[in-house]
Amino acid sequence: MKTYTKAAKKFYDSKDWKVSRDSYIQKRINIDGGMCEHCKERPGYIVDHKKELNEINLNDVNVSLNHENYQYLCLECSNRKTFSKDKRGVKFDENGNPIFFENR
């Protein structure tokens, strides 16, 4: 289970995040019915930040509340992004796009 700092929890509980997240979901529903932006096979489940949030950029609205930094992912793609690293065969670039390569 992912744990958040107090600052991150405060952000994710904020009205600003919830309004921005909900408006992005609605935007994606209007575009393609709300499908996962990566696999395009399953419905989106979570609004993910392409550029990961950290203590420095958490309060930068150009990063944390910017639709250009969001992607709507299904649970599987979200878990793959969050938990998949070199050992599982998938990495993601700075834009949140999957980079596939063979295990070595």
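A salt bridge is counted here when a side-chain nitrogen of Lys or Arg lies within 4 Å of a carboxyl oxygen of Asp or Glu. In this predicted model, a search of the whole structure turns up nine salt bridges. Side chains of opposite charge can pair when their charged atoms come close.

One of these salt bridges joins the side chains of aspartate 13 and lysine 9, with a distance from N to O of 2.7 Å. Aspartate 13 has a relative accessibility of 42% and therefore counts as partly exposed, and lysine 9, at 49% relative accessibility, is likewise classed as partly exposed.

Another salt bridge brings together the side chains of aspartate 22 and arginine 21, where the distance from N to O is 3.2 Å. Aspartate 22 is partly exposed at 41% relative accessibility, while arginine 21 has a relative accessible area of 25% and is partly exposed as well.

A further salt bridge links glutamate 76 with arginine 80, and the closest N and O atoms of this pair are 2.8 Å apart. Why are glutamate 76 and arginine 80 separated by about one helical turn? Both residues belong to helix α4, which covers residues 75-83, and they are separated by about one turn because they stand four residues apart in that helix. Glutamate 76 has a relative accessible area of 41%, which makes this residue partly exposed, and arginine 80, with a relative accessible area of 25%, is also partly exposed.

Note on methods. Residues are numbered from 1 along each chain as its sequence is written. This is a predicted model: local features need pLDDT of at least 70, side-chain atom pairs count only at pLDDT 80 or more; totals for chains, interfaces and linings use all residues. Side-chain values use heavy atoms; hydrogens and water are left out. Buried means under 20% relative accessible area, exposed over 50%, partly exposed in between (1.4 Å probe, protein chains only). Helices (H or I, at least four residues) and strands (E, at least two) are DSSP runs, numbered from the N terminus.
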